[in-house]
Amino acid sequence: MSQYVSNSQTETKEFSRRYLFFYVVVTLAMGLLFARLWHLQIISGEELKNFSDKNSLKKTTTASPRGLILDRENRVIVDNLPGFMATISPQYTTNLQELAEAIHPIIKLEPKDIVKKVNQSRRRNGPFLPVSIKKNLNMEEVFRLKRLRIDYPGLDIQETIVRSYKLSENGAQLFGFVRQISKKEIKKFKKKHKNILFEPGDIIGKAGIELTWETTLKGLNGADFIEVDAKGRKTYKTNSKFLNIEPKPAIPGKSLVLTIDKDIQEAALKAFSRDDYVGDRVGSIVVMKSNGEILAWVSTPSYDANNFSTGISSKLWSQLVNDPKKPLVNKVVQDHYSPGSTFKPIVALAALQEKIVNPWTKVYSPGSYTLGRGTYHDSHREGHGHINITEAIERSSNVFFYKAGHTLGIDRIHRYAKLFDLGVKTDLNIGYEVSGLIPSKAWKKKALGEIWTPGETVVNAIGQGYVLTTALQMAKAYNAIAQNGVVYQPFIVKKVIDQNDQVISEFEPKIIRDITVPDEESGAYIKKEYFKTVQKGMKNVFQGDHGTAKWYKIKGVEMAGKTGTTQVRKFSSKNIYKKCKERPYKFRHHGWFVGYAPYKNPEITIAVLAEHSCSGALGGAGTFKDIVNAYLKKYRPDLFAKSQGKKKGGT
Amino acid sequence: MQNYSSLQNSKRFSRFNFKFAFIIFALLFIGLINLFSATHGVSLGHNTRLFWLQLIWMSAGWILFLIVTFIDYDLFKRLAYAFYGFNIIALIMVMLVGKTVLGAQRWLDLGFFRWQPSETAKISVALVLAKIFSEKSYPNGMGVKDLLWPGVITLIPFILTVRQPDLGTSLLIIGIAVSMVLFIKVKWSIIIVLLLGGVLATPLVWNFGLKKYQQDRVMIFLNPGRDPRGRGYNSIQSKVAVGSGRLLGKGFRKGTQSQLEFIPERHSDFIYSVLSEEHGFIGSVFTLGLFCILFFTSLRISYEARDKFGALVTIGILSFIFFHTFINVGMVTGILPIVGMPLPLLSYGGSSLLTVMLGLGIISSVSYNKYLF
C-alpha cells in the first residue's frame, strides 16, 4: 500500500509494525479513559451527583423559635433569649489549626480542642454542617470574632436562641431542659413523629414539659436554598429557574399556658425550706387545685436548667447524675415511697364502707397489736386507749388500722385504694412516671410467687410494706376525699397558644370517676357520709387536742390533712421509738403530709414528701401550712385577713 | 485538455479527505455548543463574548485548514527550519516582552491576536524532526550520534517553555520527539539508558527543576483529598462534575458544577468536565470516540502517505493532538495531575485552536497529496 519512493522493502515492513504499535497505544490509552469515565459516571455517579447537589446548593436555615412556657397568668417561665454562637464550617476552612489559634485568645478555648471538635463533626456530619465552637458569646467576643472573619471565611457568628428558665432551679424537673438533638435521636424522632422535621442542630426537649410537649413547642425551621459558588459566596441569581426550589418559611413553635402559678410555685419552694425543718430538703411538693389544675410542683434538690441551654459541661453533668440525692429525678412522679400513715384515710374509708367499723365503733389500743408471733407497735408506746375512727385518724393510731386492716384483708384494701387511682400512673406524662404499687394476694403470687400472709396485711394497712405511691397520686387521692369522692384528673397545661396569642387548644378539668357511684369494673363505691367521717378525722389532725399536726393551725381557717411517717428500714422494738434525729441521716424516717384547705369548700390539695425528715409533722405539716397561707393571701384575701387579724388580736 | 482538466477537478474533490474533515467539524461543533453552555452560566453574564470570539477563531481555523490542505506539504518540508527559527525567536521574545497571565509568561501580543509561541513550537519541532528523519535511513535503528542533532532541536524549545513556566507544553514537546524517534526505530540500548536516566533524574528535577506550584500539583494529584478547599480543589470539583453527569447528564446548561463556578477555567482547560456533567457518559464517550476516529484516521493517513516526511510529520502532529487529548481528559477525570493543557478543538482559545487546525491541515494535506500524480 504505502509507496515511499526512496524506501527499501524492509523499512516498509518495519513501518507496518510501528503502526500496529501506535494503534495499540492509542487504543489502550483511550480505553483507559473510557474505563475511567465508566467508573466516575456509572459506578460513582450516584454518589458524586449527591455531592454536587450539596456543593452548589447551600441550605440556609431560618431558625424558628421554640414556643414559650407561661404560667396561668401568662407570666413567662421559660423564655427565649437571643444569643450569639461562634461556628466553624469545615467546608470553607482551609487551615483549621491556624484558625483555631487565631480564635484562641478571644474565646479561651484550647486550639487542639477546637481542631478535635471540628474534625469529629466533620467525620460524623460531613463538611457542610457548621460546628458550634462556643455559645453565649458576649458582645466583645462577637466583635473581635467578626473582625477575624475577613481572613477566615470558615468562621461564622450565628444568632441563636438561648432557652432561659426564669425560675432557674425551682421546678426544673417539671419544666425540663433542652439540648441539641443527637444523630441517634434524629432517627428515633423521625420514626415517631412523621410530620415533624428533625434536623441536626435542632434544639429538643430532653426532660419534663419540654420533652412531653416537644412537638407542640418545637417550631419548624424554615429552609432556603441559595446557590453558592466554590467560595461559598451567593451567586448573582438565587433560586434560579433551573433548580426550581421554593424557600420554606419557618413556623414558630406554639406556647404553653400552664396551670402553674408562679407565686405559689415560689412560695412552695420557700415553704419547703422552713427553719424548723430537719436535715437537707430532699423531696417533693405538689399543689393542686380542687379541679385538678396543678398550681405548683417542686422537687428538690434541683439543678439550673439554664446550664443545659448553653451546653452543659460533662463535669457538671456527671455531678448531677451521681448525686445520691438525685437532683435530676422528678420526685413528684418519678419516685415512689411508702405512704405510711397518709394511707390510713383510704383504709378507713374501706373499713367504713365494708361495715367493719361504723363512725362510733371504739377500738382499744394498748400500745401494740399481736398477730400470731408478730407484735406490731402503735405510734405511741402507751397506746391511745379506746378510740373511734375519727380519733384514730387524728392521733394516727396504728393499732386501730392494724385491726381494721386485718379484718378487711389485703384484697379489699386493694379494691378501694384503686378507686383513688393509687398505684396507677396519672397520665400526666411528665417525666418517666412510676406507677407505685397497691399489693393484692394475686399480685404477690404473680410477682413473688408467694402466698399472702395476714401479718403483711397488718403492715400494709398503715401504708408500709409493699404499698408504694407517688406524691402526685396522694394529692389526687386526697383531693378526691376532699371532693367527697370525685376524682379529678391532674393536669398542668391549660392552653396551647400560637405566637399571636390565639388559643389553639384549651384543656378543661376532667372528672375521672365519682367514688360514691359503684365502679363499672369492680362495683366498689363509698358512701358520701363516710367521706364526711374521714374528713372530720383529718380536720382534727389540725384542730383536735391530739392532732398530729395541731401545731400548724392557721387561725380562722380550718384545714384537713394527714401526717405520715414512714420507716426506711426495720428497727427492733427497742429502737423503734428512739429519737429520729439521733439516727444517721439515711436511717431517718421520711415525712409525708397530705391535706387540703379550707376544710369547708376545699380549694387546694397539697402533698408534701420530705425524705429523711423524721416525721410528717416536722417535714410536711409546716410546709403545708405556709403554702396554704400563700394561697389564701393571693386567692382568698378575705380568709387571709381573718387569719392575720385574729393573730394580731391575740398578741 | 478539457477532459483532462475536468478529470483533475473531480479528482481534486475525491482526494480531499471528507471523513477526516467531518470528524473535525463534528468535534468543533460539539465544542461550540459546549462552550456556549460554559460561557452562558448564571453567574457570568459578561463572558458570553468568549463564545463569539471562538466562532471567529473557528472560521479562521477552517480557512487555515483548507489553505494548508491544498498546499503541497513539500513546502513545509522546505520551510521547516524557517518556521522553527521564527518560533524560537518568538519564544525568546515571550521571555523578554511577553504578557504575564496567571503567573506565567506565554503570550506575545500582536494587537489583533495574542500569539502563544509555545503552541506553534510543537508543530515546528514535528516539522524539523520529520525533515531530519526523512532525509536519512536508519536500517539498524538510531544511535547516539543520530540523536544528537534532533536532541538539540527538541531541547531548545523545551528549555524556553520550562522557563515560562509551562511544564505541560515542554513535556509535550519531548513527547512529540520521543514518539517520532520510536516510530523511526531506535536502538534498545538507548531506550534503556534514557529510561534509567529519567528515573535517576526525577529527584534532581524535582528539587531543582520544578517550581513550588509544580511540585504542589504533583503532590495534590497523588492525594487530592488532602486539601480539598485549596490546591486539590480543582481536581475534586472536576471529578464531581464528571461523575455527577451519570449516564445521560444533567442536560444542556444544567450542570450545577460548571454553571455555578465550581469548575475553574471551565471554558478552557476544564471544558470536558462541562461536557461530561451536562451530557453524561453517553456524551463523553461519544466525543472521546470521535477523537479516537480522528487518531485512527490520522494513523491511516500516515500509513498511506506518499513519502517518509509525510508519514513522520503526521505521526508528530498526531502525537501532539493525542497527548493533549489524553492528558486533558485524564486530568479532568482525575487520573493525571492538573497541568494547563487545553482539549484540542473543544477548549476555548485562539492560539490553541489555530495551532491544532494548522496541524490537522498539514495532516489533511498529507492525505490530499498522497498520490504522486
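Student: How many helices and strands are there in chain A?

Tutor: The model is a predicted one. Of the 651 residues of chain A, 43% count as buried. Among its contacts between residues at least 6 apart in sequence, 74% join residues at least 24 apart. As for secondary structure, chain A has 22 helices and 22 strands.

Student: Is I88(A) buried or exposed?

Tutor: I88(A) is found in strand β3 (residues 76–88) of chain A. Leaving aside neighbours within four places in sequence, its contacts include T93(A), L99(A), V118(A), P130(A) and L155(A). A residue counts as buried if 20 or more other C-beta atoms lie within 10 Å of its own. Because I88(A) has 25 other C-beta atoms within 10 Å, I88(A) is buried.

Student: What covers the buried residues of helix α18(A)?

Tutor: The buried residues of α18 (residues 454–461) of chain A are E456(A), T457(A), V458(A), N460(A) and A461(A). Just after this helix, G463(A) takes a positive phi of about 75°. The cover over the buried residues of α18(A) includes, from chain A, α13 (344–353), β13 (368–371), β14 (374–377), α15 (398–408) and α16 (410–419).

Student: At what angle do α4(B) and α5(B) pack, and how far apart are their axes?

Tutor: Two packed helices are described by the angle between their axes and the distance between the axes. The crossing of α4(B) and α5(B) is left-handed. For helix α4 (residues 74–97) and helix α5 (residues 117–134) of chain B, the angle is about 145° and the axes are 8 Å apart.

Student: How do the residues of the contact of α4(B) with α5(B) divide into nonpolar, polar and charged?

Tutor: From α4(B), the contact includes F76(B), Y84(B) and L91(B), and from α5(B) it includes P117(B), L127(B) and K131(B). The residues of the contact divide into twelve nonpolar, four polar and two charged.

Technical notes. Residues numbered from 1 in each chain as written. Chains lettered and ligands numbered in written order. Predicted model: local features only at pLDDT ≥ 70, side-chain atom pairs only at ≥ 80, totals over all residues. Axes fitted to C-alpha atoms, helices over the stretch in contact; angles between N-to-C directions. Helix = DSSP H or I, 4+ residues; strand = E, 2+ residues; numbered from the N terminus. Left-handed = near helix turned anticlockwise from the far one by under 90°. Contact = placed C-beta atoms within 7 Å. Nonpolar A, V, L, I, M, F, W, Y, C, P; charged D, E, K, R; others polar. Buried ≥ 20, exposed ≤ 12 C-beta atoms within 10 Å, placed from the backbone.
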